[in-house]
Amino acid sequence: MSSQVIQVIEWTFLAYFAAINAAYLAQCLLAVFRVRRYLKSAAIDDMDPAYSSVHLPISLVVPAYNESRSIVTSIKALLQLEYPDFEVVVVNDGSTDDTLEKLIAAFQLYRYPEAYRKQVPCRPVRATYRSARYRNLRVVSKENGGNKADAANAGINVCRNPLVAIVDADGVLQRNSLTRAVRPFLENPETVAAGGAVRIANGCKLREGFLEEVALPRNPLALLQVIEYLRSFLFGRMGWEPLGAVLIVSGAFGVFRRTTLIEVGGFNPQAVGEDMELIVRIHRMMKQQRRRYHIGFIPDPVCWTDAPESLKDLGSQRTRWHHGLGQALMLNKWLLLNPRGGTVSWLAIPFYVLFELLGPVIEAVGFIFFLTGAVFGQIAWADAGVFLLLALSLGMMLSICAIMLEEFSFPMYRKSRDLALLYAAALLENFGYRQLTVWWRLKGLFRWLTGRRHKWETITRSASVGTS
Amino acid sequence: MLDFPFASGSSASVSAALWMTVASIAASLLLLLYTLELRLRRRLRERRRASVIAHWRAVIADAITGAAVPEKQKLRRGERQEFLRLWVYTCSMVQGAAAERLIALARSLGLPELVRRQTSNAHVGVRLMAIQARGFLRDPADFAELAAATDDPNALVSVVAAEALVAVDPDRAAARLIPKIATRRDWPRTHVFKLLQRAGTAVGEPLYRHIRSASDEDAAYLLQFAEIAEFDVRDALAVELLRSRHSPEVLAAALKAATGHAPVPRIDELLEHPAWYVRMQAAKLLGRIGRTEDTGRLEKLLGDKEWWVRYRAARALVRLPGVTVADLEQIRLRLQDHFARDSLDQAIAEAGTR
């Protein structure tokens, strides 16, 4: 290979590195401003409860498939949330274990003829139940739809409140999560959906489904994911919010206006990443109809989720996420560089295509190029080392940026030891873990291109979540 | 060109990469130091805050119970917001002599001047707290400024100002706020109810007068607050509007406001009204005031094309006096439409009659 070709390739990688990191840093900066504004307005919550008691009724929809181990604890915790007007609708998606039987026994459920309207498509409902103990609990038992989207749709059909929160059955909510999550809807009547920061529950101490003590996970894989979540939620999403271009509201916890969900046709059961696909589709619908709308994001940690602790589970999750990303972007390709799409079409979607979807391809090609170039004597080992060091240092800088944002906004890890561990993780993730995620994302990309289908996925739970 | 020993003589791209690496490592170190500083400052702030709260909580507790408050208490600059927060929070929970003593304490510390200045603060949180405090201070001299604050474009600021205004002078506040309620649709309804309730009897007559002369849109909106009145006053207003107005929104709101203590005009017409929400409210009303003779009317509505009308009709039917489980079973058997049957099944189950 001629040295000129190598030069061109090196400059291309350098330009890509510069572009991707500049984009992330810009997001970080935007996130800082957004968090500052949010923290100022959060002062209202500290006032007389009368002023934070402006509520909109919410229906919590909890899709559940084979959640026998944790479902009772999770639902009990949800029923204790601090919010004056909410109902919980559990959707048992044809579980093959005793999820339904456990619910019936724990909450004294009885069958009930529910005359609901089927407004979004889902598999047939077998029965609806009400609880003799909790007036605001209903359970829908339906035929297995094979995925969370179908179960969520059944819940949307049955629920009655103007706001619908889709909550993972194994998610742990803060007691005030609903009060926080409803704020974007109160502050801006054009809000159609809102999400909050999701944090990792592994290592935390739980009692009766609530967080008792925040701690970092002992499992190294889960620890590395803490850094990833901080990056993803604190500036990956916060940064897009002021631009009106939030493309993802986490499936673990997201609040939606029910009318919007119905209008857009609910979740897409064919979508692998149903959460992202829904939000991108909402953007598309609103842009196509030239309507004003807002998708909000709050930096408060509203939901804690169980991260996979084995390479197999993590790999499968990341492969699925990347598959879902490709599919969501392709299904809504109308948005890409569309003159009517604003920042979504001209900033967010190109960013996701170039840096998120194709990122692993570029990273893998770069790694292979420099390594083989050095092995075959085309590139000096020192030069290849410089590029690898650059990739490492930029990755570390972004992670440290995320840790700074965490400290700046809602510091959860208070011990000095935790901070040290986070810094260590920010450094160590570059050796092995980052390369593994590139590999899993490449697999996801391949699956999307070959059009594989997706089913409910069971992840082995860590010891902390799901126990009473 | 860089003069790093291992990269000397390398191409421009490698040099650029090296510079970027150095810059990113330096930025990482700076961010790390800044994070540590943030943590340190937060800890110091939390410690200081805890000691301020402990001190002033004790002073406020003494003031509430009437115990002698140590003299020469001085509110330092850094303590003001914490004290104000504590004071406002406590004021929201006490009344009578304790509230008066809290006002006296606030005056002795120069709080009225502070909150007067803060009412125009750029920070919404500070402004809200100041306005709320002025409400608890109940100083008539504050009325004009608080009234002006009810025009604030921020819904929360304006509604908090309205509440403070009611606390200062309920009668004058009622006269001033009632015309404003229809124009401030951004005020949370629960707060408007609270405002009207706090304003007490002063509010009834001006509110009804205003509804009678309001446009259809405003009347429909304001009618939802009619339930603060006595049954007979409310019914008289609802009946008057049902007779005189034709807007579906007003009709639905009037049906909702009616308690049924007075005969409701045009009920048959309203049960067949083209707007589904009027039919729904008419069915709901029959659920409250209906008799056995209304069974046929409601049975007809069970086949309505709108789910809410079917559901409300079914609930009303189940509640009708004199309608037995056997009657409901007969009606169910007569129904051809499965949507109608589903609604009736649900209403029967909800009423626990099965």
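**A chat about two chains**

Mentor: Let's start with Gln108(A), which counts as partly exposed because it has 14 C-beta neighbours inside 10 Å. The cut-offs are 20 or more other C-beta atoms within 10 Å of a residue's own for buried, 12 or fewer for exposed, and partly exposed in between, with C-beta atoms placed from the backbone.
Mentor: Before we go on, this is a predicted model, where local features need pLDDT of at least 70, side-chain atom pairs count only at pLDDT 80 or more, and totals for chains, interfaces and linings use all residues. Residues are numbered from 1 along each chain as its sequence is written, while chains are lettered from A and ligands numbered from 1 in the order in which they are written.

Trainee: Where does Gln108(A) lie?
Mentor: In the loop between helix H3 (99-107) and E3 of chain A. Helices (H or I, at least four residues) and strands (E, at least two) are DSSP runs, numbered from the N terminus. Phi of Gln108(A) is near 50°, a positive value in a residue other than glycine.

Trainee: And Glu208(A), is that buried or exposed?
Mentor: Exposed, because Glu208(A) has 11 C-beta neighbours inside 10 Å. You'll find Glu208(A) in the loop between strand E9 (205-207) and strand E10 (210-213) of chain A. Its phi is near 50°, again positive in a residue that isn't glycine.

Trainee: Let's talk sheets. What order do the 10 strands in chain A take?
Mentor: They make an open sheet, E3-E4-E5-E2-E1-E6-E11-E8-E12-E7, with mixed pairing. Two strands pair if DSSP finds at least two bridges between them. Strand E3 (109-112) and strand E7 (172-173) of chain A are at the edges with a single partner strand each, so one side of each has no neighbour in the sheet.

Trainee: How many bridges join E8 and E11 of chain A?
Mentor: There are 3, and strand E8 (residues 191-200) runs antiparallel to strand E11 (residues 253-257) of chain A. Ala194(A) stands opposite Val255(A) in E11(A).

Trainee: How many residues of chain B are in contact with chain A?
Mentor: 42 residues of chain B are in contact with 38 residues of chain A. Contact here means that the C-beta atoms of two residues, placed from the backbone, lie within 7 Å. H1(B) gives the largest share of chain B's side, 17 residues.
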